[in-house]
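This briefing is meant to be read beside the sequence and the coordinates. It moves from chain architecture to the contact between chains, and then to individual residues.

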Amino acid sequence: MAETHHKEHPKYMNIFWWLLGLTIVEVAVAIPEYATVLKAILLIGLACGKAILVANYFMHLKFERKTLAVIVITPFLICVFLVFMLMPDIMAEKRLEKFAPQSGTATKVIDTSH
Amino acid sequence: MEHATTLEQTEDVYEPSLTPDSLGKLGMWIFLVGDTMSFGALLAAYAAVRAGAGVIGWAPPDEILGINLTAFMTFLLICSSVTMVKALEAIQNGNVSRMCTFLGLTIAGGVIFLGLQVYEWNALIKHGLTLTEIPHHGLSGAAISGSTLFGPAFYTITGFHGLHVTGGVIYLIVILIHGLRGRYTAEFNHEVEIVGLYWHFVDLIWIMVFTFIYLL
């Protein structure tokens with residue numbers, strides 16, 4: 001029984017340095033001006049990497065049953081699905097822009113809200 | 001003998017029954033899965049509102065929000081996650097006072113985070129970011145314009161996360177009080193692990209909020 005009192009733990013400080021490093025990279029990637037799509041892919045990729053580190057090591061998901069990992073991943077997949085479900089609505093708005101008045105009138109719309 | 005073999009086979013096939021420890025942990029995981037959906041829906045709605053801003057456009061977040069303070073807040077939450085796992089590690093090794101110290105540091109991290117969020121909101125409101133308006137000038141001094149939905153989207157998502165941090169700090173204080181009263185030992189500590197799950201989830205969500213709201 002005595003052995004069970006002293007559980008093996010991952011090297012948490014290593015995870016901390018990884019998270020800190022990825023945060024610094026994120027900020028460095030976010031500051032310069034360049035293609036929005038590339039920036040979005042890089043930033044979302046880095047954020048997902050950090051989230052996986054937190055879930056796997058701090059929340060010990062890596063050491064739990066596989067079933068739990070499947071349960072946890074499901075809502076993330078549903079969230080991605082949710083974004084795609086909203087795409088037709090966003091695209092419809094973009095199509096309507098073609099028939100919308102020019103940007104000068106749009107600024108006027110903001111002004112009238114004051 | 002045949003009956004015994006069948007029982008052994010059954011145990012191999014099915015997972016063991018839930019114990020009080022695993023039941024609590026599973027309960028927290030189920031709550032977190034539901035909460036992920038809440039944040040996921042908010043972030044998806046944010047994406048839809050931003051992409052659908054049309055000709056009015058979306059003001060650049062770095063011009064309104066700035067990222068230096070929030071980058072530090074992210075660092076603070078990461079540090080508090082480390083102190084949280086250190087608290088769990090301490091009690092699993094039977095060291096109650098070390099667990100209480102690390103729990104105290106985790107609470108301090110949460111309180112400082114909330115203080116900084118209040119400071120940030122106050123500065124943004126003074127700068128002109130409200131539920132109905134956006135500032136006329138960015139942090140660089142350049143004129144900015146865009147959808148007035150920027151404010152509601154920002155305050156809803158960061159406010160919802162702030163509420164989670166507040167709940168987490170209260171939850172951690174309760175666990176710390178239990179710890180100081182000697183409730184936890186090397187054998188009985190699943191409640192510390194469960195509060196840790198919640199706290200790391202709050203950290204994980206902030207990683208996403210920081211990326212989507214501040215950096216993109």
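Read along its sequence, chain A of this predicted model follows the pattern α-α-α-α-α, with five helices and zero strands. Buried residues make up 12% of the 114 residues in chain A.

**Contact between the chains**

- The contact draws 43 residues from chain A and 39 residues from chain B.
- On the side of chain B that touches chain A, the elements giving two or more residues are helix H2 (20–51), helix H4 (68–92) and helix H7 (190–215) of chain B.
- By class, that side of chain B holds 23 nonpolar, 13 polar and three charged residues.

**The largest nonpolar core**

- The largest nonpolar core has 63 residues, and those with the most contacts inside it are Ala87(B), Met99(B), Leu103(B), Leu172(B), Val192(B), Ile205(B) and Val209(B).
- Two or more residues of this core come from each of helix H2 (12–30) and helix H3 (36–58) of chain A, and likewise from H2, H4, helix H5 (96–127), helix H6 (150–180) and H7 of chain B.
- H7(B) supplies the largest share of this core, 18 residues.
- Leu103(B), one of the core residues with the most contacts, touches Ala87(B), Leu172(B), Ile175(B), Leu176(B) and Gly179(B), when residues up to four places away in sequence are not counted.

- H7(B) is mostly covered, with 23 of its 26 residues buried.
- The end C-alpha atoms of H7(B) are 36 Å apart, which agrees with the 38 Å that its 26 residues should span at 1.5 Å a residue.
- For H3(A), the 23 residues should span 33 Å at 1.5 Å a residue, and the end C-alpha atoms, 32 Å apart, agree with that expectation.
- The buried residues of H3(A) are Leu43(A), Ala47(A), Lys50(A), Leu53(A), Val54(A), Ala55(A), Tyr57(A) and Phe58(A), and what covers them includes H2 of chain A together with H4 and H7 of chain B.
- The axes of H3(A) and H7(B) come within 9 Å and cross at roughly 175°; because an angle over 145 degrees counts as roughly antiparallel, H3(A) is described as roughly antiparallel to H7(B).
- From H3(A) this contact takes Leu43(A), Ile44(A), Ala47(A), Lys50(A), Ala51(A), Val54(A), Ala55(A) and Phe58(A), and from H7(B) it takes His200(B), Asp203(B), Leu204(B), Ile207(B), Met208(B), Thr211(B) and Leu215(B).
- The residues of the contact of H3(A) with H7(B) divide into eleven nonpolar, two polar and two charged.

**Helices H2(A) and H4(B)**

- The axes of H2(A) and H4(B) come within 10 Å and cross at roughly 170°, which makes H2(A) roughly antiparallel to H4(B).
- On the H2(A) side the contact is made by Tyr12(A), Phe16(A), Leu19(A), Leu20(A), Thr23(A) and Val27(A), and on the H4(B) side by Ala71(B), Thr74(B), Phe75(B), Ile78(B), Val82(B), Val85(B) and Lys86(B).
- Ten nonpolar, two polar and one charged residue make up the contact of H2(A) with H4(B).

**Glu26(A)**

- Glu26(A) lies in helix H2 of chain A and counts as buried, because it has 25 C-beta neighbours inside 10 Å and the cut-off for a buried residue is 20 or more.
- Leaving aside neighbours within four places in sequence, Glu26(A) is in contact with Leu43(A), Leu46(A), Thr211(B) and Leu215(B).
- Glu26(A) and Cys79(A), 53 residues apart in sequence, are 22 Å apart in space from C-alpha to C-alpha.

**Two histidines in loops**

- His60(A) is placed in the loop between H3 and helix H4 (66–97) of chain A, and just after H3(A) it takes a positive phi of about 60°, although His60(A) is not a glycine.
- With 19 C-beta neighbours inside 10 Å, His60(A) counts as partly exposed.
- His136(B) is found in the loop between H5 and H6 of chain B, and it counts as exposed, with 10 C-beta neighbours inside 10 Å.
- His136(B) is in contact with Gly128(B) and Ala143(B), leaving aside its neighbours within four places in sequence.
- From C-alpha to C-alpha, His136(B) and Gly162(B) are 27 Å apart in space and 26 residues apart in sequence.

Notes. Residues are numbered from 1 along each chain as its sequence is written. Chains are lettered from A and ligands numbered from 1 in the order in which they are written. This is a predicted model: local features need pLDDT of at least 70, side-chain atom pairs count only at pLDDT 80 or more; totals for chains, interfaces and linings use all residues. Two residues are in contact if their C-beta atoms, placed from the backbone, lie within 7 Å. Helices (H or I, at least four residues) and strands (E, at least two) are DSSP runs, numbered from the N terminus. Ala, Val, Leu, Ile, Met, Phe, Trp, Tyr, Cys and Pro count as nonpolar, Asp, Glu, Lys and Arg as charged, and the others, Gly among them, as polar. A nonpolar core is a set of buried Ala, Val, Leu, Ile, Met, Phe, Trp, Tyr and Cys residues joined through C-beta atoms within 7 Å. The expected span of a helix is 1.5 Å times one less than its number of residues. Axes are lines fitted to C-alpha atoms, for helices over the stretch in contact, and angles run from 0 to 180 degrees between N-to-C directions. Angles under 35 degrees count as roughly parallel, over 145 as roughly antiparallel, 65 to 115 as roughly perpendicular and the rest as oblique.
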